[in-house]
Amino acid sequence: MNGENLLLCEKIVSPSYVRQGSQARRGHEQLIRQLLEQGKCPEEGWSESTVELFLNELAVMDSNNFLGNCGVGEREGRVASGLVARRHYRLIHGIGRSGDIAAIQPKAAGSSLLNKLTNSVVLDILKLSGVRSVASCFVVPMATGMSLSLCFLTLRHKRPKARYIIWPRIDQKSCFKSMITAGFEPVVVENVLQGDELRTDLEAVERKVEELGAENVLCVHSTTSCFAPRVPDSLEELSAMCAKYNIPHIVNNAYGVQSSKCMHLIQQGARVGRIDAFVQSLDKNFMVPVGGAIIAGFDAAFIEEISKMYPGRASASPSLDVLITLLTMGAKGYKKYLSERKEIYSILAQELKSLASAHGERLLHTPHNPISLAMSLDGLQANSNQAVTQLGSMLFTRQVSGARVIPLGKEQTINGHTFRGFMSHSESYPCPYLNAASAIGITREDVTLCIKRLDKSLKALKKEGNAARSTSPLPTENI
């Protein structure tokens, strides 16, 4: 409320009350002013009333909310449902313009401010999380797979002769399809087994570069966050190799922002070699609805090229969701989530280890994977061929979500390429296993319930296996 209106208020109620209310409002405005000045995530989280005041201030700057606005174009921010309008805080125009997702919209100063501030706050969080030298980033309203495709399509203009993408194997369909969708031929490099861990076969990657010819390779497509027993790719060595052969390097950092280890690998890779862009999911790292990702890199000009490759305007929903979330958490709150995730990782590891031992199994030794864990299921496999997959079904019906049960020998064909041992990141991993992850937002109660239900499921399957063996006919002796 401006000064003139405050003076009018003083004629209606006591001036001292009005001044008190005005001072309270200035407290909210001071927080907003700091955000506009610094473009950083506030250290302390904002109250919902401050966030809503800020969003309402942005919304009234968009033309669809102007009093007396007369729209005669094809895109005037008209929304038929009041519920939909309120869901989006009346920020209807989206972000960007027809030729550039990062451009300012004349009709939507508020939405444009939202876009710029979100990218600035997210960049601050990436630095806080460990990639100190990141130069630029932007939020894109697509999940990780399509965001990777956008990076590959941008590289096409820089390397028009290149048709191959070298890809250390990671058994996640969207990673593979991101390359196919962009029109390139993935060159799958199998991982090497060291102890229980599946690691990058650096020699095989270099052989492929030399075999195909560096000029024919669009990029190396590496991965940080992954399911154990696979561990993050050797980013320092891959980055140095890419610099040596002058090949771009795109990193799939899907849920790696929450891991100081993954972020350190990206920082080190950029320091010793070449990383052109790294992509991370909004939902997995910031606990917002699925539908957005962050594309970031160390060369602001290249990140701008990627943003200009996006055709048309874009939904502002992912930007709005992550900005609201980060303003509410504050940097302090986000760091607390990261710290709690690490603590619960240790608890989950210890609980799984104890449970595995009680059932004659073992926790696989994967110290280089900072988020995911794996427990062997050899004994379960010995009971019956179906017991391993049955365990996955039992856990799902018992409302344990996210646990992955990996049997031996599964095959999967994706776009003509057959993966043997699919889901295990290897053609012949030595044992079946179960995955569980300590991701951001997990609680001790989640771990307790998971272990309890997993224990019951394993006992039930063991009992079924014993019963089946006891009722099977005894073999007849040869006379």
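Guide: A salt bridge here is a side-chain nitrogen of Lys or Arg within 4 Å of a carboxyl oxygen of Asp or Glu. This is a predicted model, in which local features need pLDDT of at least 70 and side-chain atom pairs count only at pLDDT 80 or more, while totals for chains, interfaces and linings use all residues. Residues are numbered from 1 along each chain as its sequence is written, and side-chain values use heavy atoms, with hydrogens and water left out.

Visitor: Why is the pair of glutamate 57 and arginine 25 called a salt bridge?

Guide: The closest N and O atoms of glutamate 57 and arginine 25 are 2.9 Å apart, and the limit is 4 Å, so the pair qualifies. The partners come from distant parts of the chain, 32 residues apart, with glutamate 57 in helix α3 (residues 48-59) and arginine 25 in helix α2; helices are DSSP runs of H or I with at least four residues, numbered from the N terminus.

Visitor: Why is glutamate 57 called partly exposed?

Guide: Buried means under 20% relative accessible area, exposed over 50%, and partly exposed in between, with a 1.4 Å probe and protein chains only. Glutamate 57 has 35% relative accessibility, so it counts as partly exposed.

Visitor: How do you know whether aspartate 171 and arginine 169 are buried or exposed?

Guide: Aspartate 171 has 4% relative accessibility and therefore counts as buried, and arginine 169, with a relative accessible area of 0%, is buried too. Their side chains meet in a salt bridge at 2.7 Å, N to O.

Visitor: What is recorded at Lys284, and why is lysine 284 called partly exposed?

Guide: An unreviewed UniProt entry places the feature "modified residue: N6-(pyridoxal phosphate)lysine" at Lys284, although such annotations may be inferred rather than shown by experiment. Lysine 284 counts as partly exposed because its relative accessibility is 38%. Lysine 284 lies in helix α11 (residues 282-286) and, not counting residues up to four places away in sequence, touches Ala254, Tyr255, Gln258 and Ile440, where contact means heavy atoms within 4.5 Å.

Methods: Helices (H or I, at least four residues) and strands (E, at least two) are DSSP runs, numbered from the N terminus.
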